[in-house]
Structures are given as C-alpha cells and as structure tokens.
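Please keep the sequence and the structure at hand while going through the numbered points.

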Amino acid sequence: MQTIEAMMTRRSIRNFCATPVSDTQLEILLAAAMNAPSAGDGRPWHFVVTKDRARLDALADTVDGGNAMFRQAQAAILICLDESLEKFKGFAPQDCACAAQNLQLAAHDIGLGTVWIAVIGIPPRVAGCRAVLGVPENIVPFALFPLGVPAQTLPAERRFDPSKVHLDRW
Ligand SMILES: Cc1cc2nc3c(=O)[nH]c(=O)nc-3n(C[C@H](O)[C@H](O)[C@H](O)COP(=O)(O)O)c2cc1C
C-alpha cells in the first residue's frame with residue numbers, strides 16, 4: 001500500500017476477529033512507531049505490548065467502561081511518555097502523537113485494525129493502565145491501541161475541506 005492510500009483509507013476499527021496477531025506483526029508496528037520524528041530526536045517513548053487475554057479483558061473494564069473491543073482485541077500496545085527523555089521541554093506529547101499515527105498507519109498497511117484510545121489527561125484511564133500493565137509512576141501512559149484483524153469494514157472518507165485552508169493569509 002502506498003503512503004497516501006494508507007492515509008486516505010485508514011479508519012478506526014473497534015471490532016476484531018479472533019485471528020491471532022503475530023510477534024512479527026507487532027514488531028512491524030513498533031518499528032514504525034519508533035521511526036517517527038521527535039523533537040531533537042529525543043524519542044521520549046516506551047511501549048507496553050500485550051497479547052495476554054486476562055490483561056486485555058482487564059483493560060476493557062479499567063480503561064474503557066467494559067468496552068467489548070478490548071475483549072475482541074488480540075493484542076494491545078500502550079504508548080507511554082517518558083519526560084526524562086525529552087530533548088526540548090514540553091514536546092513529548094507531540095513526539096508520542098507522531099509515533100501513534102505511524103503505528104496506526106502501519107497497522108492498516110499490514111491488514112490490522114486499531115483505534116486510538118485516549119489515556120493521557122484522563123485520570124481513571126491512566127490509573128487503569130498503571131494497574132493492568134504495571135506502568136511506573138515516573139512514566140505517563142499516553143494512548144492505548146487495541147489490535148486485531150478488522151471484523152468491520154468502514155468506507156474511506158474524504159474530509160478535505162477548502163474552508164479550512166487560508167491561502168497566503170488568514
Ligand atoms: C487524540 C485522539 C483520541 C481519541 N480517543 C478515542 C477514544 O478514547 N475512544 C475511541 O473510541 N476513539 C478515540 N479516537 C478515535 C476517533 O474517534 C476517530 O479517529 C475519529 O472519530 C475519526 O474516525 P476515523 O479514525 O475512523 O477516521 C481518538 C482519536 C484521537 C486522534
């Protein structure tokens with residue numbers, strides 16, 4: 001899949017098949033995420049990866065109000081933010097967001113579905129990730145990505161909106 005095609009056809013997937021996600025697939029996603037740009041090349045991130053059924057089910061309850069998507073997911077990756085690795089203060093959320101989008105596009109490219117589950121700034125979700133995935137206090141859970149082969153097909157959407165474009169000057 002070409003890059004533009006991946007960007008224009010990716011959708012958030014919240015229903016997954018029972019097909020397992022392989023370690024090779026997970027490594028592709030992690031490598032794509034870690035190849036993201038970051039301010040000063042600081043790479044202020046860590047990734048918690050799980051395929052453990054009990055933990056995935058626990059994430060459903062602790063992070064997303066029992067949301068069935070975690071019970072269907074075959075794996076999940078939690079992107080964590082490590083402020084101690086920041087090269088320029090305050091840039092780590094932008095760096096982690098770049099990693100997150102790389103991860104989502106890579107998943108789509110290899111036929112997996114995922115959805116960005118917001119964690120940072122939502123105290124019960126942060127606490128849930130710490131409890132289920134053992135994230136230490138000095139590390140901030142940033143965003144969680146349930147993963148699996150899509151069990152739903154969502155159409156590509158073209159959201160180009162000329163009213164959001166300001167030519168030469170606002
Ligand atoms: C920063 C961010 C936070 C999001 N948080 C959630 C979330 O907590 N739960 C969820 O189901 N979807 C979440 N999403 C997914 C959005 O709902 C989704 O991207 C949006 O509706 C557009 O749909 P699409 O991804 O299929 O293009 C989040 C997306 C972003 C970028």
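1. Leu147 touches Val21, Ala73, Gln74, Ala75, Ala76, Ile77, Ala107, Leu112 and Thr114, leaving aside residues up to four places away in sequence. Contact here requires C-beta atoms, placed from the backbone, to lie within 7 Å. The model is a predicted one, in which local features need pLDDT of at least 70 and side-chain atom pairs count only at pLDDT 80 or more, while totals for chains, interfaces and linings use all residues. Residues are numbered from 1 along each chain as its sequence is written.

2. Leu147 is also among the residues with the most contacts inside the largest nonpolar core, together with Ala76, Ile79, Leu103 and Leu144; this core has 38 residues. At least two core residues each come from α2 (23-34), α3 (53-63), α4 (68-72), β2 (75-81), α5 (92-109), α6 (123-133) and β5 (140-148). A nonpolar core is a set of buried Ala, Val, Leu, Ile, Met, Phe, Trp, Tyr and Cys residues joined through C-beta atoms within 7 Å. A residue is buried if 20 or more other C-beta atoms lie within 10 Å of its own, exposed if 12 or fewer, and partly exposed in between. In soluble globular proteins, nonpolar side chains tend to be buried together.

3. The protein contains 6 helices and 5 strands, in the order α-α-β-α-α-β-α-β-β-α-β along the sequence. These elements are DSSP runs numbered from the N terminus: helices are H or I with at least four residues, strands E with at least two.

4. Which residues of α3 are buried? They are Leu56, Leu59, Ala60, Thr62 and Val63. The buried residues of α3 pack against β1 (45-50), α4, β2, β4 (117-118), α6 and β5. Gly65 follows α3 and has a positive phi, near 55°.

5. Asp109 lies in helix α5. Asp109 is partly exposed because 18 other C-beta atoms lie within 10 Å. Asp109 touches Met1 and Ala6, residues up to four places away in sequence not being counted. Between the C-alpha atoms of Asp109 and Ser38, which are 71 residues apart along the chain, the separation is 22 Å.

6. On the whole chain, buried residues make up 33% of the 170 residues. Of the contacts with a separation of 6 or more, 79% join residues 24 or more positions apart. The C-alpha atoms fill a box of roughly 55 × 40 × 30 Å along the principal axes.

Terms used
Contact = placed C-beta atoms within 7 Å.
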